Each structure stands twice: as C-alpha cells, then as structure tokens.
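Keep the structure open while you read.

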Amino acid sequence: MIELIYPKNGAKISILTDFQKEFYRREYAGSHKNDNAYDDYVQEAFEREDITNPVTVVFKWKRSNMFAPMRFKISTSPDLLELVGVDACCTYGDIFPSDEDGVYCVCVTNLRSGTKYYWTVDDLSGECPVYTFTTNENETRFINVPGSHGNIRDIGGKLTASGKRIRQGYVFRGAAMEKPYYDPEGLTTDGKRIVRDIFKMKLQIDLRYEAIGKMTETVFGKDGKYVLYPSGAYNWIHEDGAKDMVVMLLELFADEENYPIFFHCVAGADRTGTLAMLLEGLLGVSDEDIIADYNATTMNGDARRWDGNDEIKAMVNGLNELYPEKTLSQQIALYVDDCGISKEKIDKIKNLLLE
C-alpha cells in the first residue's frame, strides 16, 4: 500500500525558485530599475549556480510492501496518460530512498504554470491513491536542459489582450543549447532525452551570424529541423532589410508542422529578446510582461536592463515616432503588419499559439 506524502492533495505549488520569485517581485514593483547593485548581486549568484533553472519539487511517499516494484506517474490528464511533445507537462528522474524509513522520492522539474496535475505511485497492489496539485498562474516556466547554456524558458502561459493565454509547450526561447558551440551533438544524454524524447522539439531557429558555415544540423536529432536566419537586435528592426527578415522569421510560426519551436542566439539575450518581443507583442502580451520577459535574462548573468539600454531606447523611440500614443504591444503589432506579413499568416499564428 502506498501513502502519498508530498505534495499534499489539493496543494498549490510555485514553479519558481525563491531567487526567481524575488527577482520578479522587484521587477513588477519597479524596484530594481537601473539598480547596479542588484545587477551585480544577480551576476554573482549566477556565477555560483545556474539561477535560470526552474524549481525542483521533491515528491515523497511511503510504502508498506518493501519488495513490490514502484512506478511514479504524473500527468495533466486524470487518467494519468504519459504525455510528450507539446503536451509534455514536466520531467522527472529516478526514484530514490529518502533518509526516512520506508519513504521514497522523485525529483520533478519543468512543470507548467497555472496547471492542474494528477500524480500517484503504482506498486501493483491496487491500493494507490491519486493526488492532485495545481501550479500558480502567471509564473514564468523556466526549462532545465542538462548540459545546455541555460536561460531557456517557455514563452507560454502569458495572458494576452484577447483574454487568451499563449499555449505552453509550443515555443521556447534561450541561449544556444549545444556545448561546445556549433556541435549538434553537444548535449548530455539527459539533455537530449528531454528535448528530443519528452518535449519533442522540432524546429531550431538559429539567429547567430556566428553560426554561418559552422552549424547546419539541429540539436534535436534526425526528426528535427534547423534554420539559420542571422538577425540583429533592438534598433535593427528599423534598418533596411530588417522587415523582410522579420516576415521570414514570423512565418515560421504560422506552420503547424514546425512546432514545438526553439529559437536562440548565443546567450538568449539580445537577438532572442528582440524576436521574443516581436512575437509576444503580436500576440497581445502586455507591455509589463514583455519587459519582464526581456529583463529575466539578467538572471543569466547578463546585465541588460530595459530602462538602461541605449539600443532599446533607440528602438522604442523609433516605434514612438511611427506609432505615437500607442502601447508597446500595440506598436509591435502595427510594426509587424507594416512588415508585410499577410493577415492570413498572422491569424494562423494566433490560432496556433493562443488558447
């Protein structure tokens, strides 16, 4: 017989670490704008550990039959189906004994935000209860891919002006995954398992000029696709030729066969941040959430405050001149429309990514 211990039935759980919670508390309160001391603190913390990894929840249970095999099950489906691809709801490791007699554990990470989960442990006795817990809404879903450069997060879960949310599991942003750079096999075995077998990431969009002539294959294996679209950042969107590249990039998100998508540059900051801003603005994410998503890369050791970046100021000033008296999100949507992408493609992107 199994006795489930943690999480308790009906519990509410955060998917953020304490460090990440404090970061976002300060971000939305506006208390660390141009705060160099806080930037230094964040960078020092990142040098000690990867603070862009999500929280790890340790599940615990006790069993009376010490010889029966055990199988841990977790799902967003009440029938506890194992979900993969865009439906992948988390990742977890092997079962291990705790220091407490008869108590066993498993570490679960990469949980979705605002999601109800079902979990149990099957020991073939037929007496295995099913517990539920729910993760907090409006929390960023950081993703841990072992062996990568980190700073990977799901852009899903964000509320938009339409009242809909961006689907989780469809689009991920981040730093380049491969270590060393430009080696498509440069991931740990566990990292490959997560991106290839669980999340089943399909399209890798590489924004690096530096990858020209060096990278031709995706880290996602034989079933993945790789495109190299060297791009700029920030005020680049106002330069000659940029609009054509923006159309090429966004049209990738209008093809259902490309999902799940991962886009990146080197550190997942400037070029990645610019594409994320364009996509989130097009989908109707609030200005506050667009900026918070950009600033979250500070946790990767990159001191890139939205308010203290001259390149961002130039980009915003250009948008203000083109589309006065509009919010940033509205300006981005108008800018994308002016790039020449068809309404049909924009509607397809929204239909695919909003729920």
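1. First, a term: a salt bridge is a side-chain nitrogen of Lys or Arg within 4 Å of a carboxyl oxygen of Asp or Glu. Side chains of opposite charge can pair when their charged atoms come close. The model here is predicted, so local features need pLDDT of at least 70 and side-chain atom pairs count only at pLDDT 80 or more, while totals for chains, interfaces and linings use all residues. Residues are numbered from 1 along each chain as its sequence is written, and side-chain values use heavy atoms, with hydrogens and water left out.

2. Searching the whole structure turns up 18 salt bridges. Take Lys21 and Asp18, whose side chains meet in one at 3.8 Å, N to O. Both sit in helix α1 (residues 18-29), 3 residues apart, or about one turn of the helix. (Helices, H or I of at least four residues, and strands, E of at least two, are DSSP runs numbered from the N terminus.) Is Asp18 buried or exposed? Asp18 is exposed, at 62% relative accessible area, and Lys21 is partly exposed at 36%. Here buried means under 20% relative accessible area, exposed over 50%, and partly exposed in between, with a 1.4 Å probe and protein chains only.

3. Helix α1 also holds Glu22 and Arg25, 3 residues apart and so separated by about one helical turn. Their side chains form a salt bridge at 2.9 Å, N to O. Glu22 is partly exposed at 31%, and Arg25 is partly exposed at 46%.

4. Now look at Asp293 and Arg173, a salt bridge with its closest N and O atoms 3.0 Å apart. This pair links distant parts of the chain, 120 residues apart: Asp293 is in helix α6 (residues 287-295) and Arg173 in strand β12 (residues 171-174). Both residues are buried. Salt bridges with shared partners join Arg153, Arg173 and Asp293 into one network.

5. A cavity is a set of points, on a 1 Å grid over the protein atoms alone, where a 1.4 Å probe fits but cannot get out; lining residues have an atom within 4 Å of a point. The count is 2 cavities of 30 Å³ or more. About 40 Å³ lies in the largest, and its lining includes Trp236, Arg271 and Leu278. Helix α5 (residues 270-283) gives the largest share of that lining, 4 residues.

6. The second largest cavity has a volume of about 30 Å³. Among its lining residues are Tyr234, Met277 and Trp306. Again α5 gives the most, with 3 residues.

Key. On a 1 Å grid over the protein atoms alone, a cavity is a set of points where a 1.4 Å probe fits but cannot get out, and a pocket is an open set with protein on both sides within 12 Å along at least five of seven lines; lining residues have an atom within 4 Å of a point. Grid points are joined across faces, edges and corners, and a volume is the space filled by probe spheres set on the points.
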